[in-house]
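The exercises below are meant to be worked through with the sequence and the model side by side. Try each task before reading its solution.

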Amino acid sequence: MLYFPRTAGRLSLLLAACLPGSVVLAGPPASYPVADIAASLRENAHAVVRRSDETLVVKSAGRTVETVRRAVTIFDEAGADYARKLVYYDQLNTVSYLRGTAYAADGRVLRTLKSSEIKDISLSDGFSLANDGRGRLADLRQPVYPYTVEFEYEVSSTNTLFYSTWKPQPDEQLAVEHATFRVLMPAGLALRYQERALPAGTAAVKTPTADAGQAYEWQVHNLAAVEAEPDGPPVSETAPAVYTAPTQFEVQGHLGTLTSWQTLGLWNYQLNAGRDELPPAVQAKVQALLQGETDERARIRKVYEWLQANTRYISVQLGIGGWQTFPASSVAANGYGDCKALTNYCQALLKTAGITAYPALVRANEEDIRTEFPSQQFNHVVLCVPLSKAAKPDTVWLECTSQTNPFGYMSSFTGNRHALLVTPQGGRLVRTPQYLAADNRRERLADVYLDAQGSATASVRTRLSGLEQDAYTGLASSQNLADQKKAVAEHLPLANFSISKLSYQPDHRQPVPVLTENLGLTLPGWASVSGKRAFLTPNLLSRWSALPAAVGERRTGVWLDNAFSYADTVRIHVPAGFKPESLPAQVQLTTAFGTYSSQVQAQPDGTLLYVRRLLVPRTRFAREEYPAYQEFRRRISQADKAQVVLVKTEA
């Protein structure tokens, strides 16, 4: 279930006479000279948007035309992507034209884009059985900086479920001279919109049109480039934006109303109603599978695991097929489907078992949806199964596209966010499972055997649970040990080492999945030996860095969205003839940002025991709290780098 954003636009060329693709020695007056850019916009910018005009013309409930004209001055290689333009199209979206021009720093025309230079490419994702997504790709990159590119394009659409989103400053280190966004609505259709982070004094200017419709316009000027700040939101979430949405829409003859989450969910329900009929043979298999099983959760697990064993995910994206599922009978016959089809199939299997379940639309692998602005913001669907016989309200969530996903686990892909439950009564926002610090654990036990020359070997056992194991699941299933070792080595905070052993053991019997990593290390020169003394850092693998010093005033809040709990125990086996001369002081921190402790103790058998604990909850703080958060990180970094001093005894 993939939804591609529609971007299109109109750009009228400023050139009067120029041979396509040729170098121009003389021509029209200068356009976009770099010298005209204010110094405040050049600062910290890889590129500057000189002019951006975007217009959405809503022709009717079933048709829109979107035009864009945008000129961008590019200062260096980091901004070179702005010299390329990809305009998406499919059977519901048509590209009317795509044009482009490149200008030198002084404004002279360097070249104009020839139609033969525009590539028409497939946007197949590599796993779709059928995908009608294509793109027109233009490339005006130049070898000498700075230069300016200007693109103009237009897209007509018969998919009015989507209206434009205006983000005049979508990326960091991008400044904006001037940008305008217009929406023209016909008589009888109302525009819904939401403004976010617009500069002071910026708001929609509304004017009536000659045909009794309504025009809306927004403008921004002189936006300085910004950077993403440490542990802050991405620039795309804080930069100026205007989101728009229809009140009435149509997709291939399927009319809908979008005035609330309830009406959007109702359209999705009606679009897919009646597609859950299963062949009698499959119904019989389900009955046999569940014979004698009375526990509701166990019945759901058996159906889900049977689904995983007997189907596979293959995406199909053709027209209305982005929202309307294939019938359950089709999945039963073919053994494959996309996320909609597999979710619908699992729902049908559970229905045969007497269990009610509902599809839930979700925005996967991205920031959560804007819950206060009902609109089409989803790119995936999962299955929600309320437990009717549970002692207290409970729900099972199923990711139906995976053959390996643990039962009931949503992962970082779809967990910790809102979803739109699709029911016969319409849509209702619900939350997918939240994985907090108690779920996302990393528990590490290491034995380090040090020799008198400072080299060591280590045996490390790490137990990862919840979101902490997500990044390792693909690695753990790899059969290539060399690739596994290479991937692990890239993330170890060690200067000189080799991996002697590596293995993984998954455990999906827990409420959240668990993965255990067993790692063997050879550590030449792990301790620094100088005369009678050896210096070592007992924190083997879990060092936190301090945050960089702030440049200017902090703009954004502190977003600690990844809750976790870390526990590290390191047993250092000291070589004969050495004893501790100096041990780090115990550290204990308790703050709103989290808790931390570390200590090193000498044991009766001569070993040193290093114990470190760190817990960070899922929280957000105002920007004024950043200095305190910096101090929290600084003190942890300092403690993590603390050293033990061993001294050689006379004996």
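**Exercise 1. Find which residues of helix 4 meet which residues of helix 7, and describe how the two helices cross.**

Solution. Begin with the contact itself: in this predicted model, Val 282, Gln 283, Val 286 and Gln 287 on the side of helix 4 meet Tyr 345, Leu 349 and Thr 352 on the side of helix 7. Sorted by class, the residues of this contact comprise 4 nonpolar and 3 polar ones, with no charged residues. Turning next to the geometry, the axis of helix 4 and that of helix 7 (residues 339-352) come within 9 Å and cross at roughly 60 degrees, and the crossing in which helix 4 passes helix 7 is right-handed.

**Exercise 2. Work out what the angle between helix 4 and helix 5 is, and which residues form their contact.**

Solution. Helix 4 (residues 280-289) packs against helix 5 (residues 296-310) at an angle of about 130 degrees, and their axes lie 10 Å apart. Angles over 145 degrees would count as roughly antiparallel and those from 65 to 115 as roughly perpendicular, and helix 4 and helix 5 are therefore oblique to each other. The crossing of helix 4 past helix 5 is right-handed. In the contact, Val 282, Lys 285 and Leu 289 of helix 4 are met by Lys 302, Val 303 and Trp 306 of helix 5; these residues divide into 4 nonpolar and 2 charged, with no polar ones.

**Exercise 3. Describe the packing of helix 5 against helix 7, and determine which classes of residue make up the contact.**

Solution. The axes of helix 5 and helix 7 come within 10 Å, crossing at roughly 140 degrees, and the two helices are therefore oblique to each other. Helix 5 passes helix 7 in a right-handed crossing. Helix 5 contributes Ile 300, Val 303, Trp 306 and Leu 307 to the contact, while helix 7 contributes Leu 342, Tyr 345, Cys 346, Leu 349 and Leu 350. By class, this contact of helix 5 with helix 7 consists of 9 nonpolar residues, with no polar and no charged ones.

**Exercise 4. For the salt bridge between Glu 54 and Arg 70, state the distance and decide how accessible each partner is.**

Solution. Side chains of opposite charge can pair when their charged atoms come close. Here the side chains of Glu 54 and Arg 70 form a salt bridge with an N to O distance of 2.7 Å. This pair links distant parts of the chain, since Glu 54 belongs to strand 1 (residues 47-60) and Arg 70 to strand 2 (residues 63-74), 16 residues apart. Glu 54 has a relative accessibility of 8% and so counts as buried, whereas Arg 70, at 22%, counts as partly exposed.

**Exercise 5. Locate the salt bridge between Arg 442 and Asp 568, and name the network to which these residues belong.**

Solution. The side chains of Arg 442 and Asp 568 meet at 3.7 Å, N to O, in a salt bridge. Arg 442 lies in strand 26 (residues 441-450) and Asp 568 in strand 33 (residues 564-573), so that the pair links parts of the chain 126 residues apart. Arg 442 counts as buried at 12% relative accessibility, and Asp 568 is buried with a relative accessible area of 3%. A network of salt bridges links Arg 442, Arg 444, Asp 568, Arg 612 and Asp 640.

Terms used
Residues are numbered from 1 along each chain as its sequence is written. This is a predicted model: local features need pLDDT of at least 70, side-chain atom pairs count only at pLDDT 80 or more; totals for chains, interfaces and linings use all residues. Side-chain values use heavy atoms; hydrogens and water are left out. Axes are lines fitted to C-alpha atoms, for helices over the stretch in contact, and angles run from 0 to 180 degrees between N-to-C directions. Helices (H or I, at least four residues) and strands (E, at least two) are DSSP runs, numbered from the N terminus. Angles under 35 degrees count as roughly parallel, over 145 as roughly antiparallel, 65 to 115 as roughly perpendicular and the rest as oblique. A crossing is left-handed if the near helix is turned anticlockwise from the far one by less than a right angle, and right-handed if clockwise. Contact means heavy atoms within 4.5 Å. Ala, Val, Leu, Ile, Met, Phe, Trp, Tyr, Cys and Pro count as nonpolar, Asp, Glu, Lys and Arg as charged, and the others, Gly among them, as polar. A salt bridge is a side-chain nitrogen of Lys or Arg within 4 Å of a carboxyl oxygen of Asp or Glu. Buried means under 20% relative accessible area, exposed over 50%, partly exposed in between (1.4 Å probe, protein chains only).
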